Amino acid sequence: MGKPTGFMEYERETQRAVPPKERIKNYSEFHMPLSAEKQRQQGARCMNCGVPFCQSGMNIMGMTSGCPLHNLVPEWNDLIYRGNWEEAYKRLKKTNNFPEFTARVCPALCEAACTCGHYGDAVTVKENEYGIIENAYAKGYASAKPPRVRTGKKAAVIGSGPAGLAAADQLNKRGHQVTVYERDDRAGGLLMYGIPNMKLEKHIIDRKRRIMEEEGVEFVTGTDVGRDVKASKILKEYDAVILACGAKNPRDVAVSGRDAKGIYFAVDFLSATTKSLLNSGLSDNRYISAKGKKVVIIGGGDTGNDCAATAVRHGAAKVTQIEMMPKAPESRTDDNPWPQWPKVLKTDYGQEEAIAVFGEDPRIYRTTVKEFVKDKNGNVAAVKTVKLESGRDEKTGRIKMTEVSGSESRMEADLVLIAAGFTGAESYTADAFGVALNAKGTVCCKEGKYATNVKKVFTAGDMRRGQSLVVWAIREGREAAREVDEYLLGYSGLPVQ
């Protein structure tokens, strides 16, 4: 602990954001990094707790508390304070393959579990992680380091999202020859086309991909395994296969009028914008435009927020976001104590921007869709909704939402985006390999294991656990790689989480 009184001397300071009305003029990241001196002060705030909950990754009441990767947070906070940035990078990379991603898109489970935050403001772990990795790239610490010895074993990773990339990175470090297959035209999976540029600019992904290529990983893009390439060919050519294809089956809203034109899944809306932006700066018009439209977003999570931010940048006439659940409290309630994940109201960047542009919060709570109304040409013209009230299911004790009689209303809509989550993996890749899926639509595995019912076929990430966070996908990829390494060599030198 470099400065025992640091948490008392320095206030929490985060990256400053460009004001909403300025940042919506482009699709760039909009946070301005802290200076090196400010970063040192933030590192000094770490208390080096006897029990560092920040790195625990525990499950408490069904929610994760602390980092699932078990990042060595107190260690690299101390190293930042002491000015030893290179060693801080080495400690960070021991547990996290892609801090350049998590420092931008992770909701910072570590900070929510910070002991300093129990009594005041949490340490700026996410900013410190950002500072370490970007300094490492600037100073050359993060350059390619190919393995010195090759094992002669070949592994295929199907899917290049965070789980697939993490698995590939780990297996390559062990000396296995790794080929990553991606059906899209660019590597990155949900990092590339599921997360908008405002949160993660795509040159950051390309930068890491190039380093992985220099280290020996081969990327095959524009190739859909199970359709373009037969699973039997992959199984014949490789000693092990990891399926990391995500959980991309979007949850639909099955109500009257669903066939109206102008209703899209959020993932299609977001990916089309990103692809057009990368290909032509949106000049090709090959995206779903919200310009001048009254946009209704169904779903209140991160994806719904990303849709709101993107629609605002398109120039939408209005943005409304429908949420089934009640509005969260402003601060922790007695039944949600630290170090549980705080179930409190969060106004994210997209909602901030909608408020700045339209003068009001776009979110409507305790509401669900009853019907989509079409005009004479079959286009969506309005959304009929009904209010909900919350109660407890007597048998399960879970929150149950029921309709409020007489609370129906109608709102005009030219564009509807369904951001209601996902129901599991697209089945065709699993079917091609003969891999069994469970009732949730994810791959069947034994508890804590990554092997499927098919010999030498493994799985990781959302395809195994269902829709989750990038940090969980990285952990899954790392653990799957260790299991594959042991399968290939009879033992593994990769770290145990």
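Is Val225 buried or exposed? Val225 is buried, as its relative accessible area is 2%; here buried means under 20% relative accessible area, exposed over 50%, and partly exposed in between, with a 1.4 Å probe and protein chains only. The close-up views below show a predicted model, in which local features need pLDDT of at least 70, side-chain atom pairs count only at pLDDT 80 or more, and totals for chains, interfaces and linings use all residues. Residues are numbered from 1 along each chain as its sequence is written, and side-chain values use heavy atoms, with hydrogens and water left out.

**View 1. Val225 and Ala432.** Val225 is placed in the loop between β7 (218–220) and α13. Helices (H or I, at least four residues) and strands (E, at least two) are DSSP runs, numbered from the N terminus. Along the chain, Val225 and Ala432 are 207 residues apart, and their C-alpha atoms are separated by 8.5 Å.

View 2. The loop between β11 and α16 contains Asn336. This residue counts as buried, because its relative accessibility is 1%.

View 3. Six cavities of 30 Å³ or more are found in a search of the whole structure. On a 1 Å grid over the protein atoms alone, a cavity is a set of points where a 1.4 Å probe fits but cannot get out, and lining residues have an atom within 4 Å of a point. Grid points are joined across faces, edges and corners, and a volume is the space filled by probe spheres set on the points. The largest cavity holds about 130 Å³ of space. It is lined by 15 residues, of which Cys67, Asn71, Cys106, Cys110 and Glu129 are the closest to its centre. Two or more lining residues come from each of α4 (73–81), α7 (109–112) and α9 (125–139). The largest share, three residues, belongs to α9. Sorted by class, this lining has 10 nonpolar, three polar and two charged residues. In this classification Ala, Val, Leu, Ile, Met, Phe, Trp, Tyr, Cys and Pro count as nonpolar, Asp, Glu, Lys and Arg as charged, and the others, Gly among them, as polar.

**View 4. The second largest cavity.** The volume of the second largest cavity is about 100 Å³. Its lining is made of 17 residues, and those closest to its centre are Cys46, Cys49, Cys54, Cys114 and Thr115. At least two lining residues are supplied by each of α4 and α8 (115–119). With three residues, α4 gives the most to this lining. The classes here are 13 nonpolar, three polar and one charged.

View 5. A search of the whole structure finds 35 salt bridges, each being a side-chain nitrogen of Lys or Arg within 4 Å of a carboxyl oxygen of Asp or Glu. Side chains of opposite charge can pair when their charged atoms come close. The side chains of Asp259 and Lys374 meet in such a bridge at 3.0 Å, N to O. This pair links distant parts of the chain, 115 residues apart: Asp259 is in the loop between β8 (240–243) and β9 (263–265), and Lys374 is in strand β13 (residues 367–374). Asp259 is exposed, with 59% relative accessible area, whereas Lys374 is partly exposed at 38%. In a separate network, salt bridges that share partners join Arg23, Arg313, Glu352 and Glu353.

View 6. Lys233 forms a salt bridge with Glu237, and the closest N and O atoms are 2.6 Å apart. Both residues lie in helix α13 (residues 231–237), four residues apart, which is about one turn of the helix. Lys233 is partly exposed, with a relative accessible area of 45%, and Glu237 is partly exposed, with 33%.

**View 7. Salt bridge between Lys25 and Glu22.** A salt bridge of 3.2 Å, N to O, joins the side chains of Lys25 and Glu22. Lys25 is exposed, with a relative accessible area of 61%, while Glu22 counts as partly exposed at 43%.

How values were computed:
1 Å grid on protein atoms, 1.4 Å probe; cavity = no way out; pocket = protein on both sides within 12 Å on 5 of 7 lines; lining within 4 Å.
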